[in-house]
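Please look at the sequence and the model before reading the points below.

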Amino acid sequence: MEHRVPGGMGFGPFFVCTLGILADLSEIVERAVSGMGFECVEVQQSNRGRLLRVFIDKPAGVTVDDCAAVSRQLTRVLAVEAAAYDRLEVSSPGLDRPLRRAIDFQRFAGQRVDVRMRDRDTSGRRRYAGVLLGCDAHSATLEVEGRAVTLALADMERARLVPEL
């Protein structure tokens, strides 16, 4: 689409494209990362948007070479998209990997997790730690203190794997 400035002085086409919101940036990063065969676990922007952190994963684990390859590809993709950032960091999500989507919970069934809910339940509890038994599209079931507890994914503030060392 071409836009001419009213009363213009012979300027050529004038285009406006903004990328300012993290949602758009996350979509671009996720497409590029998944196109390389990795899972984009999380995209974080900090320091007034100047630092961009990308956490990647794959079933066999992530190597330093994987991070370097993704970093090189993202540098090219983000240049084409005119994304504004000063520094890009690409790494694995670590042993205490965040769980965000139902597929994450399904993948890590049988492992220990720590979940913090947005609001307290009727007993005043917000935090649950236990073994992840399973997950459907809307909720995850944990074994907590010997009993099964079902928690709505939409009500979770955060969920992470508990490293077993």
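The structure is a predicted model. Its chain contains 3 helices and 8 strands, arranged along the sequence in the pattern α-β-β-α-β-α-β-β-β-β-β.

**The chain as a whole**

- Of the 165 residues in the chain, 33% are buried.
- The accessible surface of the chain is about 10400 Å², and carbon and sulfur atoms provide 52% of this surface.

**Strand pairing around β4**

- Strand β4 (residues 112-117) pairs with strand β5 (residues 127-135) in the antiparallel sense, over 5 bridges. In this pairing, Asp114 stands opposite Ala129 of β5.
- Strand β4 also pairs in the antiparallel sense with strand β8 (residues 156-161), over 5 bridges. Here, Val113 has Leu161 of β8 as its bridge partner.

**Salt bridges**

- The whole structure has 18 salt bridges.
- One of the salt bridges joins the side chains of Arg101 and Glu39, with an N to O distance of 2.7 Å. Arg101 lies in the loop between β3 (87-91) and α3 (102-107), while Glu39 belongs to strand β1 (residues 39-46), so the pair ties together parts that are 62 residues apart in sequence.
- Arg101 is partly exposed, at 33% relative accessible area, whereas Glu39 is buried, at 17%.
- Arg100 and Glu42 form a salt bridge in which the closest N and O atoms are 2.6 Å apart. Because Arg100 lies in the loop between β3 and α3 and Glu42 in strand β1, this pair ties together parts that are 58 residues apart in sequence.
- Arg100 is partly exposed, with 44% relative accessibility, but Glu42 is buried, with 15%.
- Arg101 also meets Asp104 in a salt bridge between their side chains (3.4 Å, N to O). Asp104 is buried, at 4% relative accessibility.
- A network of salt bridges links Glu30, Glu39, Asp57, Arg97, Arg101, Asp104 and Arg107.

- Asp57 lies in strand β2 (residues 51-57). Its relative accessibility is 10%, so Asp57 counts as buried, the cut-off being under 20%.
- The side chain of Asp57 makes a polar contact of 2.9 Å with the side chain of Arg97.
- Apart from neighbours within four places in sequence, Asp57 is in contact with Phe38, Glu39, Val41, Val62, Pro93, Arg97 and Arg107.

Methods: Residues are numbered from 1 along each chain as its sequence is written. This is a predicted model: local features need pLDDT of at least 70, side-chain atom pairs count only at pLDDT 80 or more; totals for chains, interfaces and linings use all residues. Side-chain values use heavy atoms; hydrogens and water are left out. Helices (H or I, at least four residues) and strands (E, at least two) are DSSP runs, numbered from the N terminus. Buried means under 20% relative accessible area, exposed over 50%, partly exposed in between (1.4 Å probe, protein chains only). A polar contact is a pair of N or O atoms within 3.5 Å; within protein, one must be able to donate a hydrogen and the other to accept it, and residues adjacent in sequence count only if both atoms are side-chain atoms. Contact means heavy atoms within 4.5 Å. Accessible areas come from the Shrake-Rupley method with a 1.4 Å probe; for residues, only the protein chains shown count as cover. Two strands pair if DSSP finds at least two bridges between them. A salt bridge is a side-chain nitrogen of Lys or Arg within 4 Å of a carboxyl oxygen of Asp or Glu.
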